[in-house]
Amino acid sequence: MKTIRKTTLVELNLIEYLAGKAKYQLDLAWKEKIKVIPLTDEIIGSLRLTFDSTSDPSQDDCIEISNCMFYDKDGIPVAVYLLVNKENILCELDMWKGDYSPISEIPSTDRMMDIEQI
């Protein structure tokens, strides 16, 4: 089982950026409360979000509220999705790299782009 850890500054900035895009109201102390559980073995990847270390953060009914994309160092696009559960609580930050290789870094939010709809 993966262990709960603190969120990195880059992850916090990305969550805040996506929440802002969705006009999702974050709790005033959300940055102090949030913890993450990595969903992959990679250093950078999808994260289960939890705000209460005593609760079970597994959520099957998460829905997307916001997304963006960026290009990794190797030029491969990475899609990012912010999800909430049925209680409208943030539950997952999903990251998917186009060629399934490990993500090298999450850039600053000024390098994020909208995902183009086909």
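User: What is the relative accessibility of P102?

Analyst: This is a predicted model, in which local features need pLDDT of at least 70, side-chain atom pairs count only at pLDDT 80 or more, and totals for chains, interfaces and linings use all residues. Residues are numbered from 1 along each chain as its sequence is written, and side-chain values use heavy atoms, with hydrogens and water left out. Buried means under 20% relative accessible area, exposed over 50%, and partly exposed in between, with a 1.4 Å probe and protein chains only. P102 counts as partly exposed because its relative accessibility is 47%.

User: Which residues is P102 in contact with, leaving aside its neighbours within four places in sequence?

Analyst: P102 sits in the segment after β6; helices (H or I, at least four residues) and strands (E, at least two) are DSSP runs, numbered from the N terminus. D72 is 30 residues away from P102 in sequence, with the two C-alpha atoms 9.6 Å apart in space. Contact means heavy atoms within 4.5 Å. Leaving aside neighbours within four places in sequence, the contacts of P102 are E42, D72 and K97.

User: What pattern does the protein follow along the sequence?

Analyst: The secondary structure comes to two helices and six strands. Read along the sequence, these elements follow the pattern β-α-α-β-β-β-β-β.

User: What is the radius of gyration of the protein?

Analyst: The globule rule is 2.2 Å times the number of residues to the power 0.38, and the radius of gyration is taken over C-alpha atoms. For 118 residues the rule gives 13 Å, and the protein comes close to this, so it is as compact as a globular protein of that length. Its C-alpha trace spans about 40 × 30 × 25 Å along the principal axes. The radius of gyration is 14 Å.

User: Which residues does L82 touch, not counting residues up to four places away in sequence?

Analyst: L82 is one of the core residues that touch the most other members. Not counting residues up to four places away in sequence, L82 touches I15, L18, A19, L49, I63, E64, I65, S66, L90, E92 and L93.

User: What is the phi of K23?

Analyst: K23 is found in the loop between α1 and α2 (30-33). K23 is exposed because its relative accessible area is 75%. K23 is not a glycine, yet its phi is positive, at about 55 degrees.

User: What is the relative accessibility of G45?

Analyst: G45 lies in the loop between β2 (35-38) and β3. Not counting residues up to four places away in sequence, G45 touches T40 and M95. G45 counts as buried because its relative accessibility is 9%.

Definitions and conventions
Core = buried A, V, L, I, M, F, W, Y, C linked by side-chain atoms within 4.5 Å.
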